[in-house]
Amino acid sequence: MAITLTESAAKHIQQQFAKRGRGVALRIGIKKSGCSGFSYTYDYADDINKNKNEKIFESCNTHIIVDVDNLPYLDGSQVDFIKDGLNSAFKFNNPNIEDACGCGTSVSFKGPVSV
């Protein structure tokens with residue numbers, strides 16, 4: 001099982017750590033939301049608690065933290081950071097997606113999801 005970052009995503013994360021003055025990892029997950037059922041969540045983690053039910057990955061010299069309950073739905077994903085005009089956002093290239101809503105803010109996954 002693995003989750004990776006593009007160089008663009010890793011660079012953006014490292015820039016945010018520098019801007020914030022702290023940070024050790026990007027914590028990603030999923031939550032029930034939107035018209036297709038789920039949306040991605042992300043937050044900057046200031047520490048890594050190895051006692052939690054989380055898996056830690058490293059990609060492009062940057063750490064990623066994922067709750068093990070979310071891992072089956074995120075496994076194999078690549079997280080990119082894209083800029084389009086004045087807009088910028090993380091983009092998940094996820095092989096586990098069955099469908100996405102028209103606005104692109106929520107997704108549904110292959111198979112049953114229990115989050």
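Me: In α1, residues A9, A10, H12, I13, Q16 and F17 are buried. What does "buried" stand for, and how do the buried residues of α1 fall when seen down its axis?

Reply: Let's begin with the terms. Buried means under 20% relative accessible area, exposed means over 50%, and partly exposed lies in between (1.4 Å probe, protein chains only). Helices (H or I, at least four residues) and strands (E, at least two) are DSSP runs, numbered from the N terminus. Now the case: seen down the axis of α1, its buried residues fall within an arc of 165°, so they line one face of the helix. That arc is taken over the directions from the helix axis to the C-beta atoms. On the other side of α1, E7, K11, A18 and K19 are exposed.

Me: Before we go on, what kind of model is this, and how are its residues numbered?

Reply: This is a predicted model, in which local features need pLDDT of at least 70 and side-chain atom pairs count only at pLDDT 80 or more, while totals for chains, interfaces and linings use all residues. Residues are numbered from 1 along each chain as its sequence is written, and side-chain values use heavy atoms, with hydrogens and water left out.

Me: Thanks! How many helices and strands does the protein chain have, and what pattern does it follow along the sequence?

Reply: The protein chain has 2 helices and 9 strands. Their pattern along the sequence is β-α-β-β-β-β-α-β-β-β-β. Of the 115 residues in the protein chain, 37% are buried.

Me: How do I judge the span of α1?

Reply: The expected span of a helix is 1.5 Å times one less than its number of residues. With 14 residues, α1 reaches 20 Å from its first C-alpha to its last, close to the 20 Å expected. Just after α1, G21 takes a positive phi of about 80°.

Me: Which residues does H12 touch beyond its sequence neighbours?

Reply: Contact means heavy atoms within 4.5 Å. Not counting residues up to four places away in sequence, H12 touches Y44, F81 and F90. H12 lies in helix α1 (residues 7-20) and counts as buried because its relative accessibility is 14%. H12 and F90 are 78 residues apart along the chain, yet their C-alpha atoms are separated by 9.4 Å. Across the protein chain, residues 24 or more positions apart account for 52% of the contacts with a separation of 6 or more.

Me: F90 has come up already. Which residues touch the most other members of the largest nonpolar core?

Reply: The general idea is that in soluble globular proteins, nonpolar side chains tend to be buried together. A nonpolar core is a set of buried Ala, Val, Leu, Ile, Met, Phe, Trp, Tyr and Cys residues joined through side-chain atoms within 4.5 Å. Here, the largest core has 22 residues, and I3, I28, V66 and F90 touch the most other members. Two or more residues come from each of α1, β2 (25-33), β3 (37-45), β5, α2, β6 and β7 (87-93). With 4 residues, α1 gives the most to this core.

Me: In which sense do β4 and β5 pair?

Reply: Two strands pair if DSSP finds at least two bridges between them. Strand β4 (residues 54-59) and strand β5 (residues 62-67) pair in the antiparallel sense over 6 bridges. S59 has T62 as its bridge partner in β5, and F57 has I64. The pairing of β2 and β5 is parallel, over 4 bridges, and there L26 has I64 as its bridge partner.
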